[in-house]
Amino acid sequence: MTQTPQVKPTIDRFRLGVFDITCILDSKTVRGGLTPSHGGEAHAEAVRALARANRVDPERYEHPFTPILLDTGRERVLFDTGNGALGKDFPQLGPRPEGRLPELLRQAGCPPEKIDVVVITHGHMDHIGGLFRGGERVFSNARYVFGAAEFDFWRRGENVREARRVNREIFMQVAAPLAERATFANPGDEIVPGVRAIDASGHSPGMLAFLIESEGKRLLNWSDTCGHFAISIQRPDLSLDVDDDKEKAAATRARILEMAAREEFFVAGYHMPFPGVGYIDRTANGYRWVPHSYQLNP
Ligand SMILES: [Zn+2]
């Protein structure tokens, strides 16, 4: 029996003040289940119950990868680069989805060579995987921005946990060679006019979030602060297997969720359901994700 091919949007553009923001679905993967990835074995039942309460199958963990293109009118700034060809170039990783970012950027009217700045929120491979293809830089005319602490951590290679050893190898091959074309940001730094770095460390040692602001409209790109739109936001205390420093990641989640709710930010999350944009609402005992509907449409 032939199956009807899936048809889903992979490009979504909206307006933020005078900025254009385009969310691009580079790829997605479906993991076995939400548990034990979230909360470990100890919280397996609670995670399953929470998934069911949110009408998602606890045994199906859909995980999208969503780079964001910001056009400020002066510069085109890309946040993160998706999976690229990691599955081919590093077969030891096992099957990985092939990144579609370059072709989707072309469809969106901004081919990779037109990108002026590539910002890497952190060094995990689903964020740096699209930097090179066939040994060539994909964003051939871009300069790069890395978090200073993050870059330093991966380059030094000390205290890299076992599960991240291959990630470190990949970092050294595709991110480290870009150092001479890069600047290194710290929390509080303005990386281009209207974009400021915020400390989001924990998920990785120097992860940065970015607050994008134009004419009073504010979008917080929180990268991987939360890994799942229901579990991580309703139970920010639960650690994720992919969090490098689990305690710090949970504290950062709590801090950033509180800030997003208090400041009424729009939020863009790399692993939130496409296009990955929404609000954070306070609830009786935590928070919930409210997807963007039409607030930012022109
Ligand atoms: Zn990620």
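Thr22 stands opposite Leu69 in strand S5. The model is predicted: local features require pLDDT of at least 70, side-chain atom pairs count only at pLDDT 80 or more, and totals for chains, interfaces and linings use all residues. Residues are numbered from 1 along each chain as its sequence is written.

Strand S2 (residues 19-24) and strand S5 (residues 68-71) run antiparallel and are joined by four bridges. Helices (H or I, at least four residues) and strands (E, at least two) are DSSP runs, numbered from the N terminus. Strands count as paired if DSSP finds at least two bridges between them. S5 also pairs with strand S6 (residues 76-79), in the antiparallel sense and over four bridges. In S6, Leu78 is the bridge partner of Leu69. Four residues lie between the strands of the S5 and S6 hairpin, where Gly73 takes a positive phi near 95 degrees.

**Helix H5**

Glu150, Phe151, Phe153 and Trp154 are the buried residues of helix H5 (residues 148-156). Seen down the helix axis they fall within an arc of 160 degrees, so they line one face of H5. The arc is that of the directions from the helix axis to the C-beta atoms. A residue is buried if 20 or more other C-beta atoms lie within 10 Å of its own, exposed if 12 or fewer, and partly exposed in between, with C-beta atoms placed from the backbone. The cover over the buried residues of H5 includes strand S10 (143-147), helix H6 (165-174) and strand S11 (182-185). Gly157 follows H5 and has a positive phi, near 75 degrees.

**Backbone exceptions**

Most residues other than glycine have a negative phi, and most peptide bonds are trans.

| Residue | Phi |
|---|---|
| Arg55 | about 60 degrees |
| Asn159 | near 60 degrees |

Arg55 is in the loop between helix H1 and strand S4 (61-65), and counts as exposed, with 7 C-beta neighbours inside 10 Å. Asn159 is in the loop between H5 and H6; with 10 C-beta neighbours inside 10 Å, Asn159 also counts as exposed.

Thr35 and Pro36 are joined by a cis bond with omega about 10 degrees, and Pro36 lies in the loop between strand S3 (27-31) and helix H1 (44-53). The bond from Phe274 to Pro275 is cis, with omega near 5 degrees. Pro275 is found in the loop between strand S16 (266-269) and strand S17 (277-283).

**Nonpolar core**

The largest nonpolar core has 74 residues, and Val118, Val119, Phe210 and Val267 touch the most other members. Such a core is a set of buried Ala, Val, Leu, Ile, Met, Phe, Trp, Tyr and Cys residues joined through C-beta atoms within 7 Å. Not counting residues up to four places away in sequence, Val118 touches Leu78, Thr81, Phe139, Ala142 and Tyr144. Contact here requires C-beta atoms, placed from the backbone, to lie within 7 Å.

**Asp199**

Asp199 belongs to strand S13 (residues 195-199). With 17 other C-beta atoms within 10 Å, Asp199 is partly exposed. Its C-alpha atom is separated by 15 Å from that of Gly269, which is 70 residues apart from Asp199 along the chain.

Terms used. Contact = placed C-beta atoms within 7 Å.
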